Amino acid sequence: MAERRPPSLSTLRNLGRGLLALLLLGGAGVWWAWHGTFGMDALQDVLRHHPAAPLLFLLLHILASLLFFPRSVMAMVAGLVFGVWWGGVLAAAGSVVGASTGFLLTRYVCNGLVPALDGARWGEALRRLENGGWRAVAMLRLVPVLPHSGVNYALGLTRVRLGAYAFGSLVGQLPMTVAFVQFGAAGDHALAGKPDWIAPTVIGLSLLILSVLLPKVGPKLREKFGAGRA
């Protein structure tokens, strides 16, 4: 009787790629099917009654990042449940950890696909992104129309280093993350009849405007000051 050989590394990697594709499709399907019922109210109810709510929030944020659940909703829930300060810390940490999880998942499952992208039409754009390091990642994160989960998976196919990716994601995601935390905290204060809901609302609106303007103003300022130093 012939001895059965263990599956090769390439076979396991192909299996992993198939599972990742199923995860992407399944996550998109779950979001479109349940986005109307699984929202802030359900998350608040779970977190407010859990003894390890901060840890559970971080775990849910990782899952949300993998399954295309909006991080803006997670940030608002953080503000509603944990307040401005702890909510900001947890939302920022959750967004970075969740983004890094998707990034690493793609990188190690789809290892070997990056060289195939070099000769494609977008190869030059990829090289600019890779050479730009954390600054390029931060500017990409500031573009509001790009889905959080999609960017995580897409950047995992590049040669951007994990440290630069994580730091750039933190910097680029921070204004909008803190803005929605402020909105959540303001909503919690308003529902409780507290008079201090105006300040977080103003701060949130200011940060939201800043996150929209930075992708347009940032490259111009960098070019201006860069030219001045030259």
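## How H4 and H7 meet

H4 passes H7 in a right-handed crossing. In this predicted model, the axes of helix H4 (residues 71-109) and helix H7 (residues 148-155) come within 6 Å and cross at roughly 30 degrees. Angles under 35 degrees count as roughly parallel, so H4 and H7 are roughly parallel to each other.

On the H4 side, the contact is made by Arg71, Ser95, Gly98, Ala99, Gly102, Phe103, Leu105, Thr106 and Arg107. H7 brings His148, Asn152, Tyr153 and Leu155 to the contact. Sorted by class, the residues where H4 meets H7 are five nonpolar, six polar and two charged.

## The chain as a whole

Let's step back to the overall picture. The protein chain has nine helices and zero strands, so reading from the N terminus on gives the order α-α-α-α-α-α-α-α-α. Of its 230 residues, 38% count as buried.

Contacts in the protein chain with a separation of 6 or more are worth a look too: residues 24 or more positions apart account for 82% of them. The accessible surface of the protein chain comes to about 13,500 Å², and carbon and sulfur atoms hold 70% of that area.

## Phe57 in helix H3

Now to single residues. Phe57 has its place in helix H3 (residues 53-66). Is the residue buried or exposed? Phe57 counts as buried because its relative accessibility is 0%, and the cut-off for buried is under 20%.

Which residues is Phe57 in contact with, leaving aside its neighbours within four places in sequence? They are Leu47, Met74, Ala78, Phe82, Leu90 and Ala91. Phe57 can also be placed relative to Val77, which is 20 residues apart from it along the chain; the C-alpha atoms of the two are separated by 9.2 Å.

Not counting residues up to four places away in sequence, Gln182 touches Val84, Pro200, Ile203 and Gly204.

Key. Residues are numbered from 1 along each chain as its sequence is written. This is a predicted model: local features need pLDDT of at least 70, side-chain atom pairs count only at pLDDT 80 or more; totals for chains, interfaces and linings use all residues. Side-chain values use heavy atoms; hydrogens and water are left out. Helices (H or I, at least four residues) and strands (E, at least two) are DSSP runs, numbered from the N terminus. Buried means under 20% relative accessible area, exposed over 50%, partly exposed in between (1.4 Å probe, protein chains only). Contact means heavy atoms within 4.5 Å. Accessible areas come from the Shrake-Rupley method with a 1.4 Å probe; for residues, only the protein chains shown count as cover. Axes are lines fitted to C-alpha atoms, for helices over the stretch in contact, and angles run from 0 to 180 degrees between N-to-C directions. Angles under 35 degrees count as roughly parallel, over 145 as roughly antiparallel, 65 to 115 as roughly perpendicular and the rest as oblique. A crossing is left-handed if the near helix is turned anticlockwise from the far one by less than a right angle, and right-handed if clockwise. Ala, Val, Leu, Ile, Met, Phe, Trp, Tyr, Cys and Pro count as nonpolar, Asp, Glu, Lys and Arg as charged, and the others, Gly among them, as polar.
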